[in-house]
Structures are given as C-alpha cells and as structure tokens.
Amino acid sequence: PDFKLILGQQRSTIDFRRLMDEARVLLVNLPKGDLSGRGSHLMGAFIMAQIQLAAMTRAGVRGKPRPFTIED
C-alpha cells in the first residue's frame, strides 16, 4: 500500500467513536511483510491515537458509557 494515499486522506472513513458506542469489533491486520516493520508500527500508532481520541470524547457522556477493550 502507498502510505501517501493512506495518510493523505482529509478524514478517516472509520468512525472509532461509533464503534465504541455501538460495541462493535474492529480487527486490524498490519503484517510486517506488506508494510515493513516500521510501517506496521507507524500505522498501528496512528490507529491507537484515533482510538484514544475517540475514547476521550466519551468523557462528557451522561450516564454510563459502554465499556470498550483494546486487546493486542
């Protein structure tokens, strides 16, 4: 995959907040062979940052928001 195309997007097509709120499952496969070791780590870091941002937006939710889990 071309990182310029992936990283150059103006907005994400994945709504991480919605995934959390609706208790959906997100599976991400970042094989080192396709992206190289550093590329896999970089994409993983970007995904984790997006998840963290979505989690922080839930801080103001009234009531008890649905719990979510990140597994490695």
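A salt bridge is taken here as a side-chain nitrogen of Lys or Arg within 4 Å of a carboxyl oxygen of Asp or Glu. The model is predicted, so local features need pLDDT of at least 70 and side-chain atom pairs count only at pLDDT 80 or more, while totals for chains, interfaces and linings use all residues. Residues are numbered from 1 along each chain as its sequence is written, and side-chain values use heavy atoms, with hydrogens and water left out.

**View A. Salt bridges of E22.** The side chains of R24 and E22 meet in a salt bridge, with N and O 2.8 Å apart. E22 also meets R18 in a salt bridge, at 3.2 Å from N to O. Relative accessible area is classed as buried under 20%, exposed over 50% and partly exposed in between (1.4 Å probe, protein chains only). R24 is exposed, at 51%. E22 is partly exposed, at 35%, and R18 is partly exposed as well, at 46%.

**View B. Salt bridge between D21 and R58.** The closest N and O atoms of D21 and R58 are 3.1 Å apart, and the two residues form a salt bridge. This pair links distant parts of the chain: D21 lies in helix 2 and R58 in the segment after helix 4, 37 residues apart. Helices are DSSP runs (H or I, at least four residues), numbered from the N terminus. D21 is partly exposed, with a relative accessible area of 35%, whereas R58 is buried, at 6%.

**View C. Network of R17, D21 and R58.** Salt bridges link R17, D21 and R58 in a network. By the rule used here, the count of salt bridges comes to four.

**View D. Lining of the largest pocket.** The largest pocket has a volume of about 770 Å³. Of the 20 residues that line this pocket, L26, I51, T69, I70 and E71 are the closest to its centre. Helix 2 (16–21) and helix 4 (37–57) are the elements that give two or more residues to the lining. Helix 4 gives the most, with four residues. A pocket is an open set of points on a 1 Å grid over the protein atoms alone, where a 1.4 Å probe fits, with protein on both sides within 12 Å along at least five of seven lines; lining residues have an atom within 4 Å of a point. Grid points are joined across faces, edges and corners, and the volume is the space filled by probe spheres set on the points.

**View E. Residue classes in the pocket lining.** The lining of the largest pocket divides into 15 nonpolar, two polar and three charged residues. Ala, Val, Leu, Ile, Met, Phe, Trp, Tyr, Cys and Pro count as nonpolar, Asp, Glu, Lys and Arg as charged, and the others, Gly among them, as polar.
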